[in-house]
Amino acid sequence: MTQNSSKKPRAFKFSMYWMYAIILLFLAGIFYLDDNSIVKDVNFTKFENIIEEGGASEIIVFTNKGVAEAVLTDSMASALFDPTQYKKGSNAGARIAAEIPSADKLQDKIDRWQAEGVFTGEVKYEKSSDFSSLLWTFGPVVLLIAFWFFIMKRMSGRDGGAGGVFNVGKSKAQIFDKDGPVKVTFKDVAGLSEAKTEIEEIVEFLKNPQRYTDLGGKIPKGALLVGPPGTGKTLLAKAVAGEANVPFFSMSGSDFVEMFVGVGASRVRDLFRQAKEKAPCIVFIDEIDAVGRARGKNPNMGSNDERENTLNQLLTEMDGFGSNSGVIILAATNRADILDKALLRAGRFDRQIYVELPDLNDRVAIFKVHLRNIKIDSSVDVDLLARQTPGFSGADIANVCNEAALIAARRNKKVVQKQDFIDAVDRIIGGLEKRTKITTEEEKKSIAIHEAGHATISWHLQYANPLIKVTIVPRGKALGAAWYLPEERQITPSQAILDEMCSTLGGRAAEELFLGRISTGAANDLERVTKQAYAMVVYYGMSDKLPNLCYYDSTGQSYGFSKPYSEDRARMIDEEVSKIITEQYERAKAILREHAAGHAELAQTLIDREVIFTEDVERIFGKRPWTSRTDEILAAQQGLAQAKDPTPPPIPSAGDVVDVEASEVKNDEPVKKPEKDPDDSAAS
């Protein structure tokens, strides 16, 4: 059988657009088939006078209407009609019309006119169909009815979709099956081994339920994916849709919310009705915090809240009086702290799966996944790239790979090389390099001394982040930037926070010591230091006067309009925060005084070359006495930098931008900062 013969003939389908086309063609035909004649209504006396003056060439009597029309001669038409209305030859058959007493009386007058020789034309007796009058009378009504049908058709959803007014309460969920467009599998999800294990178990339960039910186990009713943005929550759901051989319903939390009362609850009911019909199946609700916020916090001061009604219906459908066997709920959010407690309990979401930022091994696996379709050469070291991107999410790593490919294409390369990836990390973390930005010599010196202050202090503190690269070339909104490699700690000792604060204050301290003045360039530093000191006192209980106290609410329940401490305690907190910052600032100045010569040499090198690397600091101050697992990265960076010219352009960078110096306070926005935990809030 040929391919053409195997195809089914397309069924005939009537469309309302055909009817509209027919009506338009009909009206156009009437318009163009018009005889171009013009008619003027007059009274019967004037009608008689015009005929007696010999101005008519033909009389037409409509017996069923009691109307007579007279076709005028050219001379009479020119005299009777305005020149703008009548043009000789173009308005053939100009007429006048008048109501007559009766056809018999008119015939008597016509006989007299013919006898007198006043009228010698033809007389016709007709019955008018008056189709044109009917058209103009009922045509608008017909068009209005057709337009009404058209609007009703659109409002009801022509293709059975949920976009119509009459289907506004229907679910907008997209349904995927094994033959659907989603081709993502668990092989495409790198890292997240623990999360994948629990998700794969749900898929395995659907594929082979007998294995679990023989032991008395029940299928989990729901699983909640929780984690920061970009960590792969939606990607895991796509993998479930690609792996499971059951229907998969996908819907966003915002799809339930509408301006109409009761629509959200109706859509929830319709979603679960469809899911029950196709059970066993999986329902995925992305960004469930759009409807799952804790109840009782409505800003409308007690008025009816459509979102809360939707949440109530969702709670009932997930685990209410009815049965939902065979329907598994997957949901994703990065705001689990604001979800309603009734939504999180066992029986609705039996499992909470935490999808965290990837660690070093996970980043290696993620890089390998995203490098599948990128042409790279042997110079690309995946392990080194993973170590250079601490705190990066899966989405950030995908952006690095894509940005490296774009940079290589911009340079007309055939493959993507190691330098392209390094430049991509610099571009994403520090922003676009702006060598054309005008800076004065005074500003350049101030920025160099400021950045050299950070580098000097961080080199002499045990817990400060190791230096990778410092540049005074403007990037983004910053006039200077420093790359440091923070340790990926699970917990942070108090001395580590103090060392980071001291290093962050090194720029302001260097300005005061070696320039005799301070500038607005340290605004971002002061902001981060203040937040760190406040966290030490209020959250971590690391204060001498206020030890072992924490006013942080991890449940997400805010304290409202009042603080959880008195005014006296607030004054003590302010004093302790100021004390900690002052102590670290004095400590920074003491370190800079001790190493003033090395700082001056480092600043001059930075002015001359606009960029310094780890080996430059090591040459001036010697090796750091503290070893860490970052030494391998530092050694690799040194080897790469030594292979370059003595005055190279900005090259290898790693880790994270810690310092950003802006020319004005309003531009002091921190650059992208991979955060790992609250302890590292200062290490941006």
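Q: Which residue lies over the face of W459, and at what distance from the ring centre?
A: In this predicted model, R624 sits over the W459 face, 5.8 Å from the ring centre.

Q: How do I read pairs between aromatic rings, and how many aromatic pairs are there by this rule?
A: You look at the distance between ring centres and the angle between planes, with over 60 degrees counting as edge-to-face. The count here is 6 aromatic pairs. Take Y539 and Y552: their ring centres are 5.3 Å apart and their planes lie at 65°, so this pair is edge-to-face. Both residues belong to the loop between α20 (523-538) and α21 (567-594), 13 residues apart. Y539 is partly exposed, at 33% relative accessibility, while Y552 is exposed, with 53%.

Q: What about Y551 and Y565: how are their planes arranged, and are they buried or exposed?
A: Y551 and Y565 are edge-to-face too, 4.9 Å centre to centre with 65° between the planes. They come from the loop between α20 and α21, 14 residues apart. Both Y551 and Y565 are buried.

Q: Which residues form one aromatic cluster?
A: That's Y534, Y539 and Y552.

Q: Let's move to helices. How do I work out which way residues point, and which residues of α5 are buried?
A: The general idea is that an α-helix has 3.6 residues a turn, so residues three or four places apart point the same way. In α5, the buried ones are L106, I110 and W113. They span an arc of only 60° around the axis, so they end up on the same side of α5. The other side of α5 has exposed residues: D104, K105, D108, A115 and E116.

Q: What do the buried residues of α5 pack against?
A: Their partners are α3 (44-52), β2 (56-62), β3 (67-72) and β5 (122-126).

Q: Now strands. Where do side chains go, and which residues are on each side of β3?
A: In a regular strand, side chains alternate between the two faces of the sheet. For β3, V67, E69 and V71 lie on one side and A68, A70 and L72 on the other, all buried. With 6 of the 6 residues buried, β3 is largely enclosed by the rest of the structure.

Definitions and conventions. Residues numbered from 1 in each chain as written. Predicted model: local features only at pLDDT ≥ 70, side-chain atom pairs only at ≥ 80, totals over all residues. Heavy atoms only, no water. Buried < 20%, exposed > 50% of the residue type's maximum accessible area, 1.4 Å probe, protein only. Helix = DSSP H or I, 4+ residues; strand = E, 2+ residues; numbered from the N terminus. Arc of directions from axis to C-beta. Contact = heavy atoms within 4.5 Å. Phe/Tyr/Trp six-rings, centres within 6.5 Å; stacked < 30°, edge-to-face > 60°. Lys NZ or Arg CZ within 6 Å of the ring centre and 35° of its normal.
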